[in-house]
Amino acid sequence: MIIAERRPIPEILQNIEGYEKVLVLGCRGCVAVCSAGGDREVAILAEALRLARTLSGKPLEVLEATFIRQCDPEYLEPLKKYKGEVEAVVSLACGVGVNLIADLYPEMRVYPGVDTSFYGANLSLGEWVEKCRGCGDCIIDKTAGLCPIARCAKNLLNGPCGGSQGGRCEVRKEMPCIWHEIVERMKRRGELEKLMEIWEPKDWRPAGGDGLRVRIRDDLRLNGGN
């Protein structure tokens, strides 16, 4: 899932400083799961903004809403009713949602309420760890399902660096060296020789080297792409 973290309240307040009525808009997608932008976080942020503005002598009216998602135009349809009603929207969706609102409703002022961090897994309560960089050219079929792009601090593609010791990362010693884990796992599988194969150079173009990334599947389009 996409992991996000709420922006500092002072930064959000600065963005909406000149407004008297705003909408705090949550999302029940990834940001709700990682407790950054769901219903509960909408209520907490809205109250924090009201309180801060009241204390500053500039009361702020804050409406609250949470949509199923903010990354699909159809789920942003209800936002139409807020046009002209609020002066700005503070979106607690990931950057995708904020961008899509800005695209679909260019007349609306939309500001991010969270910082979008990474693609991660929820390993335990309150702990998320990056597992994927979204580079668009997966090599984890060759590395026992473990991604060195996302999980190696140096993004190495050809084994551990000389700095890893005892299976720990040189850069962040609290983290395991993912290349050590890859090698050990391949050993246990009797597949270590596969790491001796010469790989084709990694294609970084899908990672954004060609600019904006777009994927179109004609089989899923209502008109078949015509």
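**Figure 1. Five bridges join strand β6 (residues 114-124) to β7, and the two run antiparallel.** Before we zoom in: this is a predicted model, in which local features need pLDDT of at least 70, side-chain atom pairs count only at pLDDT 80 or more, and totals for chains, interfaces and linings use all residues. Residues are numbered from 1 along each chain as its sequence is written, and side-chain values use heavy atoms, leaving out hydrogens and water. Strands (E, at least two residues) and helices (H or I, at least four) are DSSP runs numbered from the N terminus, and two strands pair if DSSP finds at least two bridges between them. Look for glycine 120, whose bridge partner in β7 is glutamate 130. Two residues lie between β6 and β7 in their hairpin, and glycine 126 in the turn has a positive phi of about 80°.

**Figure 2. An open sheet of three strands, in the order β1-β6-β7, has antiparallel pairing.** At its edges are β1 (2-6) and β7 (127-132), each pairing on one side only. From one strand to the next, the twist averages 70°. Such angles are taken between N-to-C directions and run from 0 to 180 degrees, with axes as lines fitted to C-alpha atoms, for helices over the stretch in contact. Five bridges also connect β1 with β6 in the antiparallel sense. A handy landmark here is arginine 6, which has valine 114 in β6 as its bridge partner.

Figure 3. Strand β4 (residues 88-91) pairs with β5 in the parallel sense over three bridges. To find your bearings, pick out valine 90, which stands opposite tyrosine 111 in β5.

Figure 4. In α4, the residues Gly97, Val98, Leu100 and Ile101 are buried, where buried means under 20% relative accessible area, exposed over 50% and partly exposed in between (1.4 Å probe, protein chains only). These four cover an arc of only 165° around the axis, which puts them on the same side of α4; the arc is that of the directions from the helix axis to the C-beta atoms. Their cover includes β2, β4 and β5. Turned away from the buried side, the other face of α4 carries the exposed residues Asn99 and Asp103.

**Figure 5. Lysine 21 has its place in strand β2.** This lysine 21 counts as buried, at 19% relative accessibility. Leaving aside residues up to four places away in sequence, lysine 21 touches Leu60, Glu61, Leu63, Glu85, Val86, Glu87 and Ala88, contact being heavy atoms within 4.5 Å.

**Figure 6. Helix α6 (residues 178-188) has the buried residues Ile178, Trp179, Ile182 and Met186.** Seen down the axis of α6, they fall within an arc of 100°, so they line one face of the helix. Among the elements covering them is α5 (148-151). Just after α6 comes glycine 190, with a positive phi of about 70°.

**Figure 7. The chain is divided into domain 1 (2-118) and domain 2 (134-199).** The bounds come from an automatic or database domain assignment. Taken over C-alpha atoms, the domain centres are 39 Å apart. An unreviewed UniProt entry places the feature "domain: Methylene-tetrahydrofolate reductase C-terminal-like" at residues 111-205; UniProt positions follow the numbering used here, feature names are shortened, and annotations may be inferred rather than shown by experiment. The span 111-205 is 16% helix and 20% strand, and its end C-alpha atoms lie 30 Å apart.
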